[in-house]
Amino acid sequence: MREADSVDVTEDITRFYQPELARVIAKQRLSEMMVMLRLQRASGEMLEHQPGQFLQISLPGYGEAPISFCSSPTRTESFELCVAAVGNLSEAMHELRPGDFVGIRGPYGKGFPLEDLRGRDVLCIAGGIGLAPLRSLINYVADRRAEFGRMILVYGARKPSERLFKDDLANWDAREDFETLYTVDEADEGWTGRTGVATVPLRDEVEIDPTRTTASVVGPPVMYRYVAAELLAKGMAEDDILFSLERRFKCGMGKCGHCQLNDLYVCQDGPVFRYTQLIGRSEAIEVWAPEDERQ
Amino acid sequence: MDKPLFQAAEVLDMAIEIERQGLAFYEGCAAARASEVVATVFGYAAGQERRHIELFYEMKSALDEYTVPESYPGETVSYLRAFLSTRLFTSVDDASCSAEAIEDEAEAIEMAVELERSSIAFYSGVKQIVRESEKGVIDDVIAEEHVHIRRLLELKNWLTTRSG
């Protein structure tokens with residue numbers, strides 16, 4: 001029996017779907033498409049999320065959508081969400097101002113396995129807006145640096161103007177205990193860094209000890225196949241490669257089946273999976289929200 | 001059916017590009033080499049690469065229509081190019097130029113053998129990720145690439161014996 005099926009049916013389970021209030025305390029524009037919201041629970045209590053988990057965020061009259069945390073749980077005074085303007089709800093969230101309230105449910109899902117990562121080299125590979133959930137993990141490692149081995153970040157964006165968290169990127173790059181490799185697919189006149197997709201520096205410049213490295217990968221679905229090929233070519237075990245899957249989560253609790261991947265509920269069993277969990281499961285790395293399902 | 005690491009259409013595009021590079025190299029070498037024997041072997045290999053291209057196009061046309069989801073136009077092609085950039089040649093033009101720049105027949109044969117070996121390595125990987133019904137076709141292509149290597153090595157031995 002699955003965990004979600006063990007809920008007492010006599011219990012009023014509607015409470016699981018009841019959002020609580022959170023207040024917007026800051027908003028920062030990251031790119032033309034992306035804003036970051038800093039939020040606090042109205043109750044003032046800590047949220048206690050894990051890197052890689054997600055939250056259901058709602059606005060009355062617009063709906064509810066899942067958003068991954070982009071802040072580290074080590075920074076306890078608030079939490080941050082990165083919102084892409086892709087539909088009515090997210091565009092409304094772009095209009096929020098400090099002092100406004102939103103509904104939240106969660107945190108949900110299994111994030112990056114921090115206990116398994118401790119003591120190992122952490123290789124993060126981000127494509128596009130995939131940096132948002134990885135920022136949570138990267139800053140967690142930054143705040144507890146002594147608990148981890150090497151910290152390597154490979155980040156590929158389409159254009160320089162679409163790079164997220166530019167201040168963080170600069171800070172990570174300046175750290176002597178971080179190894180950063182940034183690239184863009186389409187350079188502009190002002191760009192002097194690497195060009196090409198993330199798999200190019202991953203293949204050509206990243207040297208790892210595959211026995212002590214765990215790779216955490218978040219990006220567009222097309223990237224996953226090529227990143228997997230490069231990591232396997234470096235001798236990594238499939239069990240040490242973690243992919244975060246994007247799905248249109250609805251309930252967030254493994255009940256509605258909207259995010260079902262064969263026998264897995266991505267919202268509950270993931271969204272972070274080991275590659276070994278995905279091999280043999282159809283559609284595993286082809287996940288994409290169709291245009292008409294975006295909010 | 002298990003979903004492969006790559007979509008079949010992408011794999012076939014890669015295969016077609018690889019064969020086009022091989023064709024350009026063999027045609028360039030065949031045209032530039034003075035020895036009739038060498039030109040014959042390279043011409044034979046070029047003919048087979050041409051047939052492989054047709055084969056892969058036929059396989060691709062038989063696929064169900066599928067659009068690879070991208071977060072921006074051209075994303076898949078960017079990853080595909082990056083994936084192929086580790087090969088001996090980076091493009092058809094590169095293969096042609098390399099063929100023209102080769103100074104002797106032995107060097108041409110060695111490059112051809114390396115090209116064939118990397119193709120076999122690629123197709124061995126491809127075999128793991130295409131449909132069951134297409135594995136036999138890939139096996140045939142791999143077998144033919146092995147024949148190319150054998151004939152190329154025989155040619156190399158013949159040239160060595162002749163000059164010795």
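Reply: Helices (H or I, at least four residues) and strands (E, at least two) are DSSP runs, numbered from the N terminus. This is a predicted model: local features need pLDDT of at least 70, side-chain atom pairs count only at pLDDT 80 or more, and totals for chains, interfaces and linings use all residues. Residues are numbered from 1 along each chain as written, chains are lettered from A and ligands numbered from 1 in written order, and side-chain values use heavy atoms, without hydrogens and water.

Me: In which helix is the place of Glu145(B)?
Reply: Look at chain B, residues 132-163. Glu145(B) lies in that run, helix α6.

Me: What is the relative accessible area of Glu145(B)?
Reply: Buried means under 20% relative accessible area, exposed over 50%, partly exposed in between (1.4 Å probe, protein chains only). Glu145(B) contacts (heavy atoms within 4.5 Å) residues beyond four places in sequence, including His52(B) and Tyr123(B). Glu145(B) is buried, and its value is 0%.

Me: How many residues of strand β8 of chain A are buried?
Reply: Strand β8 covers residues 151-157 of chain A. Met151(A), Leu153(A), Tyr155(A) and Ala157(A) point one way, Ile152(A), Val154(A) and Gly156(A) the other, and all are buried. So β8(A) is largely enclosed by the rest of the structure, and the count is 7 of the 7.

Me: Which residue in β9(A) stands opposite Val154(A)?
Reply: Two strands pair if DSSP finds at least two bridges between them. β8(A) and β9(A) (residues 179-184) pair in the parallel sense over 6 bridges. Opposite Val154(A) stands Leu181(A).
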